[in-house]
Amino acid sequence: MAARRISSLLSRSLSVSSAFSLSLGKNFNRGKSIHRFSTAAAAVEELITPTVQINYTQLLINGQFVDAASGKTFPTFDPRTGEVIANVAEGDAEDINRAVSAARKAFDEGPWPRMSPYERSRILLRFADLAEKHNDELAALETWNNGKPYEQAAKAELPLFVRLFRYYAGWADKIHGLTVQADGPHHVQILHEPIGVAGQIIPWNFPLMMFAWKVGPALACGNTIVLKTAEQTPLTAFFAAKLFHEAGLPPGVLNIVSGYGPTAGAALASHMDVDKIAFTGSTDTGKIVQELASKSNLKPVTLELGGKSPFIVCEDADIDQAVELAHFALFFNQGQCCCAGSRTFVHESVYDEFIEKAKARALSRTVGDPFKKGIEQGPQIDPEQFAKVLRYIRSGIESNATLECGGGRIGSKGYFVQPTVFSNVQDDMLIAKDEIFGPVQSILKYKDLDEVIRRANSTRYGLAAGVFTKNINTANTLTRALRVGTVWVNCFDVFDAAIPFGGYKMSGVGREKGIYSLNNYLQVKAVITPLKNPAWL
């Protein structure tokens with residue numbers, strides 16, 4: 001039901017079969033008077049003031065909200081304006097030590113790993129119910145702190161957030177081992193045990209979703225957690241943690257530290273008493289996390305990293321549908337999505353038509369205050385990301401790609417970028433190679449399948465891909481040839497709780513979501529005992 005509801009909210013009239021689909025970004029209120037991006041400056045400056053209260057800005061350690069040991073705080077900002085929303089405790093290495101000590105004690109001595117899996121499941125379910133009850137508050141905080149459209153947060157992301165925790169609640173009492181047949185007279189048990197204290201570092205582009213992807217499986221498996229938020233978006237994690245304790249989570253099981261990567265993040269990744277680290281973010285930072293983990297106690301690492309995903313439009317495509325889906329694949333979440341379809345490969349026979357329609361669709365994209373109904377695109381997250389996107393746009397122009405539309409900022413306040421489309425993009429241009437993480441669509445031309453397979457795979461990344469075709473043989477050829485962790489065929493960004501997600505190559509290590517994510521938080525132990533005079537072997 002949730003899948004169909006979300007698909008109807010965020011889809012146009014394309015037929016897309018999926019369990020959970022954000023497949024086709026809808027242009028809400030089409031036909032009404034809406035500021036398009038070229039005239040959105042006035043709309044951007046008339047901002048809605050959120051009514052949600054910010055009650056939690058301290059670190060959560062051992063079940064209590066506390067100040068940082070240093071007493072320091074740092075500001076968290078509204079990306080619509082660049083103004084301060086709140087000052088948040090700035091955790092550093094000493095606070096990580098405090099949080100890890102609490103998590104270690106909760107694991108070694110506390111009730112959580114000793115509780116029956118059924119009881120753990122009930123707590124996860126109670127938390128999901130509370131999150132659902134507070135849907136609008138969580139969504140408002142997410143939009144205020146991140147800049148994503150409120151309709152996206154409230155009607156798509158929060159329902160999936162709740163679904164993910166209910167999914168993992170279902171797994172809690174179904175994690176079991178094996179009995180293995182040995183060649184000799186021995187009884188062999190294979191146990192799946194919680195790994196211990198899990199360190200988790202989440203990004204700013206989907207704060208609540210990444211919270212669920214990390215916390216859900218770790219708790220279902222009986223672990224304790226120290227989670228570091230992104231410094232840009234700490235607010236929803238604190239609110240969610242408060243709800244967890246209302247649901248009955250024992251103190252010390254979930255600890256939240258806000259702070260910066262070089263201090264708090266590095267301390268967590270290198271901590272000798274952390275048994276596992278999970279990180280979502282850029283590939284370059286992922287390398288640092290893996291190095292710190294290996295140089296400390298060789299803790300296992302799960303990495304969900306960057307991407308430069310190809311979106312392949314075949315010659316048999318319905319162009320109107322392909323344009324809409326390619327537009328959504330790139331521009332969703334202000335382009336701040338690791339699996340964004342950021343290399344749009346279009347067959348030469350339909351290239352010119354596609355360009356004109358892609359340009360028209362970008363020009364009609366509604367940009368403005370993300371709290372306003374009908375807005376498709378809010379601001380970029382912060383001034384650094386805003387400046388980075390504009391640098392890549394300048395690079396595309398200097399590289400002689402054709403700027404079809406966009407290319408600049410919107411308004412004089414906040415971090416709004418015009419939806420931008422480039423044609424005549426070549427593989428060696430930076431806009432075709434690097435992860436821009438912004439609303440910049442690069443459209444490339446190809447001749448045949450062999451060529452597009454070779455070019456699509458010629459990247460250090462391998463996170464995801466999109467294929468748009470009516471031909472099942474073409475679809476099968478491409479899905480098997482593309483070196484990526486996820487291929488969406490005639491859909492995009494389908495994120496069901498049961499579907500594993502992760503990358504090939506430098507897009508990461510391991511998988512999030514689904515049954516595969518449980519392996520990240522379990523140890524495998526073999527127990528062998530002799531059998532004397534067994535009746536059978």
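Two terms are needed before the first selection. A residue is buried under 20% relative accessible area, exposed over 50% and partly exposed in between, with a 1.4 Å probe and protein chains only. Helices (H or I, at least four residues) and strands (E, at least two) are DSSP runs numbered from the N terminus. The model is predicted, so local features need pLDDT of at least 70 and side-chain atom pairs count only at pLDDT 80 or more, while totals for chains, interfaces and linings use all residues. Residues are numbered from 1 along each chain as its sequence is written, and side-chain values use heavy atoms, with hydrogens and water left out.

**Stop 1: helix α16**

Select residues 472–481, which form α16, and pick out the buried Thr474, Ala475 and Leu478. Viewed down the helix axis, the buried residues of α16 fall within an arc of 100°, so they line one face; the arc is that of the directions from the helix axis to the C-beta atoms. An α-helix has 3.6 residues a turn, so residues three or four places apart point the same way. Now colour Ile472, Asn473 and Arg480: these are exposed residues on the face of α16 turned away from its buried side.

Next show β12 (310–313), α15 (449–457), β17 (464–468) and β18 (486–489), against which the buried residues of α16 pack. Contact here means heavy atoms within 4.5 Å. At the start of α16, select asparagine 471: one of its side-chain oxygens comes to within 2.8 Å of the backbone nitrogen of asparagine 473. This is a polar contact, that is, a pair of N or O atoms within 3.5 Å; within protein, one must be able to donate a hydrogen and the other to accept it, and residues adjacent in sequence count only if both atoms are side-chain atoms.

**Stop 2: helix α15**

Move to α15, where Glu451, Val452, Ile453, Arg455 and Ala456 are the buried residues. They pack against β12, β13, β16 (440–446) and α16. At the start of α15, a side-chain oxygen of aspartate 448 reaches to within 3.3 Å of the backbone nitrogen of aspartate 450.

**Stop 3: the nonpolar cores**

A nonpolar core is a set of buried Ala, Val, Leu, Ile, Met, Phe, Trp, Tyr and Cys residues joined through side-chain atoms within 4.5 Å. Which residues have the most contacts inside the largest core? Select Phe161, Phe165, Phe211, Phe244 and Phe354; the core that holds them has 107 residues. Helix α6 (residues 150–172) supplies the largest share of this core, twelve residues. A second, separate core has 28 residues, including Ile312, Phe386, Ala401 and Leu444.

Centre on phenylalanine 354. Leaving aside neighbours within four places in sequence, phenylalanine 354 has contacts that include Val313, Ile319, Ala322, Thr344 and Ile443.

**Stop 4**

Select residues 73–78 (β3) and 83–89 (β4), antiparallel strands joined by six bridges. Two strands pair if DSSP finds at least two bridges between them. Threonine 73 has alanine 89 in β4 as its bridge partner. Four residues separate the strands of this hairpin, and glycine 82 in the turn has a positive phi of about 80°.

**Stop 5: loop residues**

Most residues other than glycine have a negative phi, and most peptide bonds are trans. Leucine 298 has a positive phi of about 60° although it is not a glycine; leucine 298 sits in the loop between α10 (283–295) and β11 (301–304). Asparagine 333 also has a positive phi of about 60°, in the loop between α11 (319–331) and β13 (343–347). Are these two buried or exposed? Leucine 298 is exposed, at a relative accessible area of 64%, whereas asparagine 333 is buried, at 0%.

Then select asparagine 223, in the loop between α7 (207–220) and β8 (224–228). Asparagine 223 is buried, with a relative accessible area of 0%. A polar atom of its side chain lies 2.8 Å from the backbone nitrogen of glycine 196.

**Stop 6: the whole chain**

Zoom out. The protein chain has 16 helices and 20 strands, and 58% of its 537 residues count as buried. Its C-alpha trace spans about 75 × 55 × 45 Å along the principal axes.
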